[in-house]
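Here's a quick briefing to read with the structure open beside you.

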Amino acid sequence: MIETSTKLRVVDHPLVKQSLTRLRDHQTPSNEFRATALRLSRFLVYEAMQDLSVRPVGVETPVGPGEGVVLSDYVILAPVLRAGLVLSEAAENLFPNVRIYHVGLKRDEVTLEAISYYAKLPDSLPPDCKVYVLDPMLATGGSAVAAISLFQKLEVRTINLVSFVAAPEGIEKVHKEFPDVTITTAAVDDHLNEHGYIVPGLGDAGDRIFGT
Ligand code: PRP
Ligand code: URA
C-alpha cells in the first residue's frame with residue numbers, strides 16, 4: 001500500500017491492480033465486471049478496516065488455552081446507491097451483524113450536483129462509532145461530500161471513504177471539507193473529462209455493475 005498522506009491510502013497490491021485492470025477494460029462483460037468488482041471490494045474493505053479496534057480474549061484451541069481478540073468497534077456501513085452496493089456486499093460478509101445505512105444519491109448529468117433521493121438515518125449515533133462510506137467512484141466528490149455530511153451532522157468522529165478509483169478533484173474536495181476523512185482507493189487517476197467522468201477511470205460504475 002502507498003500512503004500518499006495519512007488520509008489517502010492507495011492500495012498497490014498486484015491482485016488489486018489486476019482486478020482494477022479488468023474493470024477498466026471496456027470489453028469486460030457485465031457478469032465478469034460484477035464478480036471482479038466484488039473481489040476488488042473485498043481487498044479494499046480489508047485495507048480500509050486495518051484500524052479497527054480489538055479487545056483481547058482467551059480462546060481454547062483443541063490443544064490448549066491461547067490468546068485471541070474480538071472486534072470492539074461499533075461499525076457502520078454507508079453504501080451510496082447504487083454502485084456502492086457491491087462494496088457493501090463484500091463488507092457485510094465480514095460483519096454478520098453490521099449496521100447498514102443506505103444513502104441514495106444521483107448525480108445530475110448536466111450540473112454534476114449530487115441529488116439526494118434516500119437517506120434514513122437515526123437521530124443519533126455513538127460518537128465513537130466507525131463509519132465506512134462506500135462508493136466506487138470519487139469523481140467531482142459531490143456524492144462523497146453529501147454522504148459524509150450526513151454522518152458529520154450526527155457528530156460521528158471517524159468516517160472513512162472507500163472507492164475503486166479517485167480523481168484528484170474529488171480527493172481535494174473531500175479533504176477540503178473533511179480533512180479527517182481517510183480515503184482508501186485502488187487508484188488516483190488523471191483528471192475528469194467535460195462530462196465529469198474519471199479519465200481513464202472505468203466508465204459508469206453503476207451501469208457496468210448492474211448491466212444497465
Ligand atoms: C456515480 C458513482 C458515484 C458518483 C460519483 O453515481 O457511483 O456515486 O457517480 O460522482 P461524483 O463524485 O461526481 O459525485 P451515479 O450518480 O451515476 O449513480 P448510480 O450509482 O446509481 O449509477
Ligand atoms: N460516476 C461513474 O460511474 N464514473 C465516473 O467516471 C464518474 C462518476
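Contact here means heavy atoms within 4.5 Å. With that in mind, His-175 is in contact with Lys-7, Val-181 and Ile-183, once neighbours within four places in sequence are left aside. One thing to keep in mind throughout: this is a predicted model.

- His-175 sits in helix α5, which covers residues 168-177.
- Its relative accessible area is 18%, and since buried means under 20%, His-175 counts as buried.

**How α1 packs on α2**

- The axes of α1 and α2 come within 9 Å and cross at roughly 150°.
- Angles over 145 degrees count as roughly antiparallel, so that's how α1 and α2 run relative to each other.
- The handedness of the α1 and α2 crossing is left-handed.
- On the α1 side, the contact is made by Leu-15, Val-16, Ser-19, Leu-20, Arg-22 and Leu-23. On the α2 side, you'll find Glu-32, Phe-33, Thr-36, Ala-37, Arg-39, Leu-40 and Phe-43.
- Sorted by class, the α1 with α2 contact has 8 nonpolar, 2 polar and 3 charged residues.

**How α2 packs on α3**

- Helix α2 (residues 30-48) also meets helix α3 (residues 85-92): their axes come within 8 Å and cross at roughly 55°.
- That angle makes α2 oblique to α3.
- This crossing, of α2 and α3, is right-handed.
- From α2, the residues making the contact are Arg-34, Ala-37, Leu-38, Ser-41, Arg-42 and Val-45. From α3, they are Val-86, Leu-87, Glu-89, Ala-90 and Ala-91.
- The class breakdown for α2 with α3 is 7 nonpolar, 1 polar and 3 charged residues.

**Helix α4**

- Helix α4 (residues 142-152) is largely enclosed by the rest of the structure, because 8 of its 11 residues are buried.
- Those buried residues of α4 are Gly-142, Ser-143, Ala-144, Val-145, Ala-147, Ile-148, Ser-149 and Phe-151.

**Salt bridges**

- Side chains of opposite charge can pair when their charged atoms come close. Searching the whole structure turns up 7 salt bridges.
- One of them brings together the side chains of Arg-9 and Asp-51, at 2.6 Å from N to O. Arg-9 is in strand β2 (residues 8-10) and Asp-51 is in the loop between α2 and β3 (54-60), so to speak distant parts of the chain, 42 residues apart.
- Within that pair, Arg-9 is buried at 6% relative accessibility, while Asp-51 is partly exposed at 42%.
- Another salt bridge joins the side chains of Arg-22 and Glu-32, with N to O at 2.8 Å.
- Arg-24 forms a salt bridge with Asp-189, and the closest N and O atoms are 2.8 Å apart. Arg-24 lies in helix α1 and Asp-189 in the loop between β12 (182-188) and β13 (191-192), so this pair ties together parts that are 165 residues apart in sequence.
- Here Arg-24 is partly exposed, with a relative accessible area of 25%, whereas Asp-189 is buried, with 8%.
- Arg-22, Asp-25 and Glu-32 are joined into one network by salt bridges that share partners.

- Most residues other than glycine have a negative phi, and most peptide bonds are trans.
- Arg-82 is in the loop between β5 (75-81) and α3.
- Pro-200 is in the loop between β14 (198-199) and α6 (205-210).
- You'll find Leu-112 in the loop between β7 (103-107) and β8 (114-119).
- Glu-155 lies in the loop between α4 and β11 (158-166), and counts as exposed at 60% relative accessibility.

Terms used: Residues numbered from 1 in each chain as written. Chains lettered and ligands numbered in written order. Predicted model: local features only at pLDDT ≥ 70, side-chain atom pairs only at ≥ 80, totals over all residues. Heavy atoms only, no water. Axes fitted to C-alpha atoms, helices over the stretch in contact; angles between N-to-C directions. Helix = DSSP H or I, 4+ residues; strand = E, 2+ residues; numbered from the N terminus. Parallel < 35°, antiparallel > 145°, perpendicular 65-115°, else oblique. Left-handed = near helix turned anticlockwise from the far one by under 90°. Nonpolar A, V, L, I, M, F, W, Y, C, P; charged D, E, K, R; others polar. Salt bridge = Lys/Arg side-chain N within 4 Å of Asp/Glu carboxyl O. Buried < 20%, exposed > 50% of the residue type's maximum accessible area, 1.4 Å probe, protein only.
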